[in-house]
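Subject: Structure handover

Hello,

I am passing the structure on to you with this message. My notes follow it.

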Amino acid sequence: MKTSASIIAVGIGLVVVASVGYALLSTPVESSTLPRVTVHKTPQCGCCEVYISYLRQYGIEVVVKDHEDLTPLKNSLSIPSEMWSCHTTMIGEFIAEGHLPIEALEKGYEERSEIAGIALPGMPSGSPGMPGPKEDFKINSLSESNDEGVRNYQLWLTL
């Protein structure tokens, strides 16, 4: 009987912790100036869901579009494969590839007349949506497509 009560108490404790965690994630930490964004991801991507929650923390309206395969989308946007991550965020026509911090999204969107997008390749430890200690985030700018339909990239910002 004591064991059942302990299991129930632990279960209730987990529900309370999960509820508090959800409330913290769904409460804006500060408002972002970004307009509505669209996150393209695969249905099974858990870190993408955490990234979406991160964006919503800043009061950003997020539209989620699931794709079985993101390759056609990334190719249509001319994102070089070495810049790919698990999801692609669009802010209007502006490309934001990967687990980008809010500071980079806002700065990139402000500079959108000069660059086509930004990319944080891979899934760096400690980036929004990814567990682990924070690494230096080497964020690249994406240029307009060249004659071959490929975007060039160069180091744009380190956070």
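**Cysteines and the disulfide**

At 16% relative accessibility, Cys86 counts as buried, where buried means under 20% relative accessible area, exposed over 50% and partly exposed in between (1.4 Å probe, protein chains only). Please note that this is a predicted model, in which local features need pLDDT of at least 70 and side-chain atom pairs count only at pLDDT 80 or more, while totals for chains, interfaces and linings use all residues. Residues are numbered from 1 along each chain as its sequence is written, and side-chain values use heavy atoms, with hydrogens and water left out.

Cys47 is buried too, with a relative accessible area of 15%. Its sulfur lies 3.5 Å from the closest cysteine sulfur, that of Cys86, which is too far for a bond; a disulfide is taken as a pair of cysteine sulfur atoms within 2.5 Å. Cys86 is accordingly in no disulfide.

The structure does hold one disulfide. It joins Cys45 to Cys48, with an S to S distance of 2.4 Å. The torsion about this S-S bond is about 75°, so the disulfide is right-handed. Both Cys45 and Cys48 are buried.

**Overall make-up**

The protein has four helices and seven strands. These are DSSP runs numbered from the N terminus (helices: H or I, at least four residues; strands: E, at least two). Along the sequence they follow the pattern α-β-α-β-α-β-β-α-β-β-β.

Of the 159 residues, 43% are buried. The protein exposes about 8800 Å², and carbon and sulfur atoms supply 57% of that; accessible areas come from the Shrake-Rupley method with a 1.4 Å probe, and for residues only the protein chains shown count as cover. Among contacts (heavy atoms within 4.5 Å) between residues at least 6 apart in sequence, 52% join residues at least 24 apart.

**Strand β1**

Five of the five residues of β1 are buried, so this strand is largely enclosed by the rest of the structure.

β1 pairs with two strands, pairing being counted if DSSP finds at least two bridges. With β2 (residues 62-66) the sense is parallel, over five bridges, and Lys65 is the bridge partner of His40 there. The chain passes from β1 through α2 to β2 in a right-handed β-α-β crossover, meaning that, with the strands pointing away from the viewer, the path from the first strand over the helix to the second runs clockwise. With β3 (residues 88-91) the sense is antiparallel, over three bridges; in that strand His40 has Thr88 as its bridge partner.

**Nonpolar cores**

A nonpolar core here is a set of buried Ala, Val, Leu, Ile, Met, Phe, Trp, Tyr and Cys residues joined through side-chain atoms within 4.5 Å. The largest one has 25 residues, of which Leu55, Ile60, Leu100, Leu105, Ile118 and Ile139 touch the most other members. Two or more residues come from each of β1 (37-41), α2 (46-57), β4 (94-98), α4 (102-110), β5 (117-120) and β7 (151-158).

Leaving aside neighbours within four places in sequence, Leu100 is in contact with Tyr51, Tyr54, Leu105, Ile118, Ala119, Leu120, Pro128 and Ile139. A second, separate core of nine residues includes Ile79, Met83, Met90 and Ala119.

Regards
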